[in-house]
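Thanks for coming, everyone. I'll take one structure and walk through it quickly.

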Amino acid sequence: MELCYQLPVLPLDRPVPKHVLSRRGAISFSSSSSLFGAPDPRQLSQRRGAISYDSSDQTALYIRMLDVRVRSQVGFEPERRGSHPYLGVDFRTLHSRAESAGSIPARRIRRLFSFQRHLLSSRLLRGAPHLNPLHILDEDYCGQAKCMLEKVGCWSFDIFLFDRLTNGNSLVFLTFHLLNQYGLIELFQLDMVKLRQFLVLVQEDYHNQNPYHNAVHAADVTQAMHCYLREPKLAQSLTSFDILLGLLAAATHDLDHPGVNQPFLIKTNHYLAALYRNTSVLENHHWRSAVGLLRETDLFSHLPAEDSLSIERQLGSLILATDISRQNDYLSRFRRHLDENDLCLGHSSHRHFTLQMALKCADICNPCRPWELSKKWSEKVTEEFFHQGDIEKKHKLEISPLCDREANTISSVQIGFMTYVVEPLFAEWARFSDTRLSQTMLGHLGLNKASWSATEPEASGSSEEGESELARATEEPSSRALSQGSHES
């Protein structure tokens, strides 16, 4: 079971504890669980993984998170929950691909490496000599990952390489390292085991089958957030509490993302769309899921109740700011503050708003990365777009803007997104923080835009069509055409 051999409190040689089977939140079971003995299917079939959320706004008192993939694997039919009457979509396997016979999934190999490290450490603790020489390779990769963390503040940080060096655990390693580097673990007296458990559960609740919205994207956003927190204006003004919120929000901002956008959930009558009344559906779900994991692991249980509630509320405020349908609202407010020069970081409300803008920049900073990294992200997000469009076409639903692979290209989608969403935001951020990093980001943005324009000079019509869709979306924030931002946020 993949959850067990990442948690130091759950030894591999023991059966899965009952409290894990009944845990609140989504547990992701992989096919590799058969290696160590799968739990009783009847227990899995009864599990609902409920997240209880006590809130005065009454919008999400209870979220029922049923892992349909687990039920289908053990022989139970998936439940329908108000989905489109002609469309039953399992988001856990939406972007998964069939593997060729006899092939070993890369994720399974990474898990075996992690299992191997656990066995090695167990032997060493017992004083037994190690017999398997393969651990040398694993230790060597960990050494390279530690070397990369020494340059975690560089804008050219290669999160894809770091994810490979950490056996697919980039989000856990990176976030833990940053929390420790800022001295937050000691300052807030965080329990190391609880923190590790929380980060592992966060990483597991991302759908790694998604080409774009997965744990690697969350790690990339967290690294970008770290870069912004080190900018002089923020470094001199933010409190340790602000930094803790910023890092946690970056790590959880797309938690349990289904790999489709809000319009898709609405048009298929998904239960999340009904729960949140078609308003910031995904962002609300990311926030509630993060709160569920915080409460499950009791990460802040040692703090006064009002402090824990404050963390949850402000965490929600940051995550909800990533809703691209409210892009113009935040951008206009940010521009007004800069024009009037009244943004005072001595006030907690202004610091929080600045954190919101920093998270928004980190969330869509891919076009501002060096070309090699930016190109990979562009291909991944467009693949996710087009996959959704294929599903909509297959079930005779209206194809969401920018999701039709026959009407759009990667370059047209990216040029439009850079022009109407990314450039306005980062231009204002450069006004706020006129530093070398800001100029570097704008420089990469211009070069990347030119590179995409050069890839298909004959397809200017397609590019103009993509740009016009995003232009209309920017002028009408409530428009369904904002699906690109909903995808990339």
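First, the ground rules. This is a predicted model, where local features need pLDDT of at least 70, side-chain atom pairs count only at pLDDT 80 or more, and totals for chains, interfaces and linings use all residues. Residues are numbered from 1 along each chain as its sequence is written, and side-chain values use heavy atoms, with hydrogens and water left out.

Now the overall picture. The protein chain has 23 helices and 2 strands. Helices here are DSSP runs of H or I with at least four residues, strands are runs of E with at least two, and both are numbered from the N terminus. There are 489 residues in the protein chain, and 55% of them count as buried. Buried means under 20% relative accessible area, exposed means over 50%, and partly exposed is in between, with a 1.4 Å probe and protein chains only.

What about the surface? The protein chain exposes about 21000 Å², and carbon and sulfur atoms supply 53% of that area. Those areas come from the Shrake-Rupley method with a 1.4 Å probe; for residues, only the protein chains shown count as cover.

Contacts next, meaning heavy atoms within 4.5 Å. Take the contacts in the protein chain between residues at least 6 apart in sequence: 75% join residues at least 24 apart.

Helix α16 has 16 residues and reaches 23 Å from its first C-alpha to its last, close to the 22 Å expected at 1.5 Å a residue. The expected span is 1.5 Å times one less than the number of residues. Among the buried residues of α16 are Ile311, Leu315, Leu318 and Ile319. Glu312 is also on that buried list. The cover over these buried residues includes α12 (240–252), α15 and α18 (348–363).

Now the backbone. Most residues other than glycine have a negative phi. Gln189 has a positive phi, near 50 degrees. Gln189 sits in the loop between α8 (184–187) and α9 (192–204). At 61% relative accessibility, Gln189 counts as exposed. Ser280 also has a positive phi, about 45 degrees, and is not a glycine. Ser280 is in the loop between α14 (271–275) and α15 (281–297). Is Ser280 buried or exposed? At 7% relative accessibility, Ser280 counts as buried.

On to the rings. How many aromatic pairs does the structure hold? There are 11 aromatic pairs. Rings of Phe, Tyr and Trp (its six-membered ring) pair if their centres lie within 6.5 Å; planes under 30 degrees apart are stacked, over 60 edge-to-face, and the rest tilted. Phe157 and Phe162 have ring centres 5.6 Å apart and planes at 55 degrees, so that pair is tilted. Both Phe157 and Phe162 are buried. For Phe334 and Phe353, the centres are 6.0 Å apart and the planes at 65 degrees, so that pair is edge-to-face. This pair links distant parts of the chain: Phe334 is in helix α17 (residues 327–340) and Phe353 in helix α18, 19 residues apart. Both Phe334 and Phe353 are buried. Ring pairs also build a cluster, linking Trp155, Tyr228, Tyr330, Phe334, Phe353, Trp429 and Phe432.

Charges over rings come next. The criterion is NZ of Lys or CZ of Arg within 6 Å of the ring centre and within 35 degrees of the ring normal. Arg369 lies over the face of Trp155, at 4.0 Å from the ring centre. The charged end of Arg196 sits over the ring of Phe173, 5.9 Å from its centre.

Last, the cysteines. The structure holds 0 disulfides, a disulfide being a pair of cysteine sulfur atoms within 2.5 Å. For Cys361, the nearest cysteine sulfur is that of Cys368, 8.1 Å away. For Cys368, the closest is in Cys365, at 6.8 Å, too far for a bond. Cys361 is buried at 1% relative accessibility, and Cys368 is buried at 0%.

One more: Cys227, in helix α10. Cys227 is buried, at 4% relative accessibility. Its C-alpha is 7.3 Å from that of Cys154, 73 residues apart along the chain. Leaving aside neighbours within four places in sequence, Cys227 is in contact with Val152, Gly153, Cys154, Trp155 and Leu437.
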